Amino acid sequence: MAEPTPLVSVVNQRDIRIVEFIHNKILDESNITDIGTTLKALIDEPGKPKLLLDFANVDHLSSAALGMLINVNTQIKKRDGQLRLTNIKPKIFEVFVITKLNKLFKIKPTRPEALTSFNE
Amino acid sequence: MVGVVGTIDMDMAGSKRRNGGGRSGSPRAGPAQSHYVFNIPSDFAASRDVQLRILQDIERRGFNEQTRFAIKLALEEAMINAIKHGNRFDPRKKVHIEATVTPDEARIIVEDEGPGFDRSSVPNPTLRENVEKCSGRGILLIEAYMNQVRWSHGGRRLRMIKRNEPDVIPRC
């Protein structure tokens, strides 16, 4: 059987974990659970978590995905960490605006802007 | 997997042509209207097939990208609500879906066999006190992206309409 395509890729820059979604849809419940588990593992690493989520590939997402992101945000806050979102396409950004989650999350237009927005 | 009851195509003169569950028409010389009826078990795999069939139809009809995005999102949320919150994955319960697609609009009904719900009792997820809660956003998105939304039969039946209008901006 073919290897399943990973759902996210993670690269490190300084103490920041940059997580890029590989698939263009974050819809499927089992995928969302798996992504949530991966992010939880990153949050639980030693030290205060700094996560940057890159949405460059994402064309669709569901309310379940938003729920997962809210959960991630809550976990990071509990650990006194920081979360940034970037490269969100206009159609997807609209979903954040309608749900007013653009006010909950710190969203930056580009990856460099997001990276420089982390506090030391 | 997917129980397709039938597909009725209606030509410009209004006569009906029943396609026993097959695809409706060719892309350009397609019928004026496609009508789909599905009865599916309460699982996401069956739901995917239904969504694909409806979305392929609206794509074939050249619905604009924003409209297709809206229908895809609303249909996904409606199916999740019916399977997860309505039927609670009960294998004995079905989800009934009807879709009528014309060149101008898509009319979709999603009905489950669950206990129903009172729309007015769902907390508004955009309020400050609810923004970190994980529920109510699916309904909000359906209502924002579709032109008409009506809940009936005690909340078990959702009827929604999306017109294929250019540059539609969702209500916020």
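Biologist: At what angle do helix H1 (residues 29-43) and helix H2 (residues 63-78) of chain A pack, and how far apart are their axes?

Modeller: Two packed helices are described by the angle between their axes and the distance between those axes. Here H1(A) and H2(A) pack at about 10 degrees, with axes 10 Å apart. H1(A) is therefore roughly parallel to H2(A), a term for angles under 35 degrees. Axes are lines fitted to C-alpha atoms over the stretch in contact, with angles from 0 to 180 degrees between N-to-C directions. The model is predicted: local features need pLDDT of at least 70 and side-chain atom pairs pLDDT 80 or more, whereas totals for chains, interfaces and linings use all residues. Residues are numbered from 1 along each chain as its sequence is written, and chains are lettered from A, with ligands numbered from 1, in the order in which they are written.

Biologist: Which residues of H1(A) and H2(A) meet?

Modeller: Two residues are in contact if their C-beta atoms, placed from the backbone, lie within 7 Å. From H1(A), A:Ile32, A:Ile35 and A:Leu39 are among those involved; H2(A) contributes residues including A:Ala65, A:Met68 and A:Val72. By class, this contact has nine nonpolar, three polar and two charged residues.

Biologist: Is A:Arg84 buried or exposed?

Modeller: A residue is buried if 20 or more other C-beta atoms lie within 10 Å of its own. A:Arg84 has 21 such atoms and is therefore buried. A:Arg84 lies in strand E6 (residues 82-86) of chain A; a strand is a DSSP run (E) of at least two residues, and a helix one (H or I) of at least four. Beyond neighbours within four places in sequence, A:Arg84 contacts A:Leu52, A:Lys106, A:Lys108, A:Ala114, A:Ser117 and A:Phe118.

Biologist: How many residues are in the largest nonpolar core?

Modeller: Such a core joins buried Ala, Val, Leu, Ile, Met, Phe, Trp, Tyr and Cys residues through C-beta atoms within 7 Å. The largest has 59 residues, and A:Ala65, B:Ala74, B:Ala78, B:Val110 and B:Ile142 have the most contacts inside it. H2(B) gives the largest share, 10 residues. Leaving aside neighbours within four places in sequence, B:Val110 touches residues including B:Ala78, B:Val95 and B:Leu158.

Biologist: How many residues does each chain bring to the contact of chain A with chain B?

Modeller: Chain B brings 18 residues and chain A 19. On the side of chain B, helix H2 (65-86) and helix H3 (137-145) each supply at least two residues. That side comprises 11 nonpolar, two polar and five charged residues.

How values were computed: Nonpolar A, V, L, I, M, F, W, Y, C, P; charged D, E, K, R; others polar. Parallel < 35°, antiparallel > 145°, perpendicular 65-115°, else oblique. Buried ≥ 20, exposed ≤ 12 C-beta atoms within 10 Å, placed from the backbone.
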